[in-house]
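Here is a short briefing on the model shown below.

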Amino acid sequence: SSLMYGQQALESAEKIKYVRGQINVLGFMSIVTGQRGNLPKSMELGFRSLQLAQEYHMENFKGAALDGIGEAYITLKDYAKAISYMRKYILNEEQGLNDEGMAYAYYDMGVAFAGLNQLDSANFYEEKANETFGKYHRQEPLVYQTLGDIKIKSGNPDEALNYYQKSLHIALKNNESRALAYAYNRIAALYKTANQSDSAIYYAQKGFEESKLINQKKTILEAAILSSDLYEPKENKTSL
């Protein structure tokens with residue numbers, strides 16, 4: 001639905017030559033397209049937005065595009081480039097009053113630093129994200145998932161599970177399917193590592209079902225791989 005309305009908004013903005021509208025909608029479509037798993041298209045939309053912003057000297061409106069490109073690089077595991085774009089995003093948003101944008105920028109920075117195993121920096125940015133979301137009384141489940149990831153990398157699986165469960169609770173309460181899919185998959189992976197296969201299979205299946213509801217390709221793939229890894233030993237054992 002977001003992409004459908006985004007395309008309509010883009011066509012309307014182009015028709016009346018409303019450049020600021022084109023810059024904004026291209027940026028937000030970049031974010032959503034990346035979340036759907038189409039990274040080449042996400043990059044294309046993001047860079048079109050940046051080009052328009054530069055061409056018409058409207059750099060203040062390029063935040064969404066910087067965010068979309070940064071998130072795409074995170075998915076590609078090119079964390080250094082992701083950090084570069086997210087830093088530009090933060091500098092861009094610091095000049096305005098977009099607390100929500102800043103909160104998500106801090107969150108993405110934390111994810112990227114966690115990917116580089118720079119855990120102190122990752123934790124710093126996730127805490128800043130929590131603090132910023134708190135300014136308007138919001139809890140973001142994805143932040144708690146990243147804090148859980150940091151605890152996994154630090155060798156503290158029990159603390160990680162607490163964060164994952166908190167993320168799951170918030171996502172269920174707010175009916176946030178995207179965050180739910182990630183949370184289910186994180187918990188499934190943790191139980192898989194702990195050799196608790198029944199619990200792992202249960203959460204992987206829940207992750208797959210939730211991902212299918214919103215056609216989120218990244219978490220569909222994660223859940224499918226988890227399920228395959230969990231079922232294969234049982235099948236091999238049965239065949240023997």
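K77 counts as exposed in this predicted model, because its relative accessibility is 61% and the cut-off for exposed is over 50%. The residue sits in the loop between α4 and α5.

**Loop residues with positive phi**

- Most residues other than glycine have a negative phi.
- N195 is not a glycine either, and its phi is positive at about 60°.
- N195 is found in the loop between α10 and α11.
- N195 has a relative accessible area of 68%, so with a cut-off of over 50% N195 is exposed.

**A buried loop residue: Q216**

- Q216 also has its place in a loop, the one between α11 (197–214) and α12 (217–239).
- Is Q216 buried or exposed? Q216 is buried, because its relative accessible area is 3% and buried means under 20%.
- Which residues does Q216 contact, leaving aside neighbours within four places in sequence? They are Q35, R178, A181, Y182 and S211.
- One of these contacts, Y182, is also among the residues closest to the centre of the largest pocket.

- S49 is found in helix α3, which spans residues 39–55.
- S49 is buried, with a relative accessible area of 0%.
- Not counting residues up to four places away in sequence, S49 touches I23, L26, G27 and A65.
- Q22 lies in helix α2.
- Q22 counts as buried at 11% relative accessibility, because the cut-off is under 20%.
- Q22 touches L10, A13, E14, K17 and L52, again not counting residues up to four places away in sequence.
- Q22 and A53 are 31 residues apart along the chain, and their C-alpha atoms are separated by 9.3 Å.

**Largest pocket**

- The largest pocket has a volume of about 1000 Å³.
- It is lined by 39 residues. Closest to its centre are D149, Y182, R186, K218 and E222.
- Which elements give two or more residues to this lining? They are α2 (19–35), α3, α4 (63–75), α6 (99–115), α8 (141–153), α10 (177–193) and α12.
- Helix α10 gives the largest share of the lining, seven residues.
- By class, the lining of the largest pocket holds 16 nonpolar, 13 polar and ten charged residues.

**Second largest pocket**

- The second largest pocket holds about 380 Å³ of space.
- Its lining has 20 residues. Nearest its centre lie F28, I31, D67, Y89 and G101.
- The elements that give two or more residues to this lining are α2, α4, α5 (79–93) and α6.
- How does the lining of the second largest pocket divide by class, and what are the counts? It has eight nonpolar, six polar and six charged residues.

**Overall fold**

- The chain has twelve helices and zero strands.
- Read along the sequence, the pattern is α-α-α-α-α-α-α-α-α-α-α-α.
- The radius of gyration is 19 Å, close to the 18 Å that the globule rule gives for 240 residues, so the chain is as compact as a globular protein of that length.
- Along the principal axes, the C-alpha atoms fill a box of roughly 65 × 35 × 30 Å.
- Of the 240 residues, 46% count as buried. S49 is one of the buried residues.
- Among contacts in the chain with a separation of 6 or more, 53% come from residues 24 or more positions apart.
- The chain exposes about 12900 Å², and carbon and sulfur atoms supply 51% of that area.

Terms used:
Residues numbered from 1 in each chain as written. Predicted model: local features only at pLDDT ≥ 70, side-chain atom pairs only at ≥ 80, totals over all residues. Heavy atoms only, no water. Helix = DSSP H or I, 4+ residues; strand = E, 2+ residues; numbered from the N terminus. Buried < 20%, exposed > 50% of the residue type's maximum accessible area, 1.4 Å probe, protein only. Contact = heavy atoms within 4.5 Å. 1 Å grid on protein atoms, 1.4 Å probe; cavity = no way out; pocket = protein on both sides within 12 Å on 5 of 7 lines; lining within 4 Å. Points joined across faces, edges and corners; volume = space filled by probe spheres on them. Nonpolar A, V, L, I, M, F, W, Y, C, P; charged D, E, K, R; others polar. Rg over C-alpha atoms; globule rule 2.2 N^0.38 Å. Areas by Shrake-Rupley, 256 points an atom, 1.4 Å probe, with all protein chains shown as cover.
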